[in-house]
Amino acid sequence: MTIDPAESPSGSNNVRSLHGDRANPESPQKAFRQPPFNAEVEQALLGAILRNNRAYEPAADLLRAVHFYVPEHQRLYEHIKKLIDRGQVASPATLSHIADTDEILREAGGTEYLYELATNVVTVLNAAEYARTIHDLHLKRELIGLGEDVVNDAYDNSDIDFTANKQIEKAEQRLYDLASTGEVDRSVVSMDVAAKRALEMAEQAFKRDSHIVGITTGLRDVDERLGGLHKSDLLILAGRPAMGKTALATNIAYNAASAYKKIVTEDGREIEEGGVVLFFSLEMSAEQLAGRLISTCAGVPSDKIRRGDIQQEEFERVVVASQELGRIPLFIDDTPALSITGLRQRARRVKRQHGLHLVVVDYLQLLQGPPDKRMDNRVQEVSEITRGLKTLAKDLEVPVLALSQLSRQVENREDKRPQLADLRESGSIEQDADVVSFVYRPEYYLEKEHPEQRPNEAPEKFEERRLRHEQMLVEKRNIAELVIAKQRHGPVGIVELFFNGELTLFDDLDRAHEGGY
């Protein structure tokens, strides 16, 4: 008998095993549907590998033993994998002693079955196609099982805490895990391909108005230090309360979205500047976040807008600002208590419907872990969340900017400038992040300090210290620091920015001064 899977439609159950009908349990008397599988394709792949072990290479990245449907094929692939991974040859001869002692393989025909597989295969050239077919049919069987579990969970009302939304998130997580299995490793590329990609990135940066590779933050000095926000990067922006984390993240999201445009090169290629932004606001409502942006764009303090304490001319500026905001590609999701699974599903939907270039999460500690995983403590849950955010950045090929709280130990130090060790639940935040930065405003702490005369301190010394404090307060007025403590792609350091608390506005320091802020 010759095996030609091309003549047998993918997923067909009407196939005949080399040793009879054992691999095809379906019969006309069976009233129920059999799960999708193709025994002949499984035989063809195993026979191709037994004839030439090089046929294992395209299957190795994609297939595991569980992906095969026929039990003897699962067991045989396990033994083949062990031998080849150890650097040995997998052939009917080297596997004969195993085939005759393994109960499942012995029932299938033992050594005779192995020689029959290797002898009757037509070609080894289609091994990659065989592997993809086997994997696809495995996914279909898993989808059938997942669907049955979803139905059973929906019927089960014994756990009142297992709400419909949690069931949906669990199903989404399983679907995502299923979609992620068996992906071929794409990290191995030739230097020629890698060099061409690097050249394309350099060309894009050269032809962009901003002359940066990544998504612009709208802040010149930050862009120069980071080179923009790069695809697949996880960027952590941390700080103590009242430092302006949300304000800075909101400014960056607005700047990136308002800069979005497409540039057509001379050879007809499109280069995108800025990007479509998705902002997950777990702490503030969409209306509050939009109110901040309107305040910033209109130049009218947000508290005055909330109270309605504005003049006609200011109200007109607010109207114009709201209309301008409506034209930029910035989307806000203010779902509270969102899980990392739900966040990932929403981000994938926005990318599919509108395109996506930047994801902002405010803030990391308000996210919940996957609904189907039990965590022993909060550190483990945050570790799972940061890994999920990094995976999201790589899967969608967009930068993910996640805000994070800092521990209270900052307040106990004389120098209040944050450090990496100050990250709350920092088990994997520092490890998973490509960039870790902190927002620090010296003015905030200087305003809280009130120099008092120390015991036995001379009056002139106290006056000198008080004047020095007042001078520092003047020098640091409206100045914020972005402390870049970790960066995989470049140097660390401090970038000084202008900050206007009334307008929740961050800007370049020299440009702000020139503009008279």
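I started at Asp-136, which is partly exposed, with a relative accessible area of 33%. I note that this is a predicted model.

I looked for the partner of Asp-136. Its side chain meets that of Lys-140 in a salt bridge, at 3.5 Å from N to O. Lys-140 is also listed as partly exposed, at 40% relative accessibility. I placed both residues in helix H7 (residues 127-155). They are four residues apart there, about one turn of the helix.

I counted salt bridges next and got 15.

The side chains of Asp-434 and Lys-390 meet at 2.6 Å, N to O. Asp-434 sits in the loop between helix H17 (429-432) and S8, and Lys-390 in helix H16, so this pair ties together parts 44 residues apart in sequence. Both Asp-434 and Lys-390 are buried.

I then checked Arg-488. Its closest N and O atoms with Asp-434 are 2.8 Å apart. Arg-488 lies in the loop between strand S9 (479-487) and strand S10 (493-500), so its bridge to Asp-434 joins parts that are 54 residues apart in sequence. I compared burial: Asp-434 counts as buried at 4% relative accessibility, whereas Arg-488 is partly exposed at 45%.

**Entry: the sheet**

I traced an open sheet of nine strands, in the order S5-S4-S6-S7-S1-S8-S9-S10-S11, with mixed pairing. Which strands stand at the edges? I found S5 (330-333) and S11 (505-508) there; each has a single partner strand, so one side of each is left without a neighbour in the sheet. Neighbouring strands are turned by 25 degrees against each other on average, direction ignored.

I looked up one pairing. S1 (residues 234-239) and S8 (residues 435-440) run in the parallel sense over four bridges. Leu-235 stands opposite Val-435 in S8.

I then turned to the helices on the sheet. H12 (residues 286-298) touches S4 (277-281), S5 and S11, and its direction makes about 145 degrees with that of S5. H16 (residues 378-396) lies across S1, S6 (358-362) and S7 (400-405), at about 165 degrees to S7.

**Entry: H1 against H6**

I ended with a helix pair. H1 (residues 39-51) and H6 (residues 111-120) pack at about 90 degrees, with their axes 7 Å apart. That angle makes H1 roughly perpendicular to H6. The contact residues include Leu-46 and Leu-50 of H1 and Leu-114 and Leu-117 of H6. I sorted the contact residues into six nonpolar, three polar and one charged.

How values were computed. Residues are numbered from 1 along each chain as its sequence is written. This is a predicted model: local features need pLDDT of at least 70, side-chain atom pairs count only at pLDDT 80 or more; totals for chains, interfaces and linings use all residues. Side-chain values use heavy atoms; hydrogens and water are left out. Axes are lines fitted to C-alpha atoms, for helices over the stretch in contact, and angles run from 0 to 180 degrees between N-to-C directions. Helices (H or I, at least four residues) and strands (E, at least two) are DSSP runs, numbered from the N terminus. Angles under 35 degrees count as roughly parallel, over 145 as roughly antiparallel, 65 to 115 as roughly perpendicular and the rest as oblique. Contact means heavy atoms within 4.5 Å. Ala, Val, Leu, Ile, Met, Phe, Trp, Tyr, Cys and Pro count as nonpolar, Asp, Glu, Lys and Arg as charged, and the others, Gly among them, as polar. Two strands pair if DSSP finds at least two bridges between them. A salt bridge is a side-chain nitrogen of Lys or Arg within 4 Å of a carboxyl oxygen of Asp or Glu. Buried means under 20% relative accessible area, exposed over 50%, partly exposed in between (1.4 Å probe, protein chains only).
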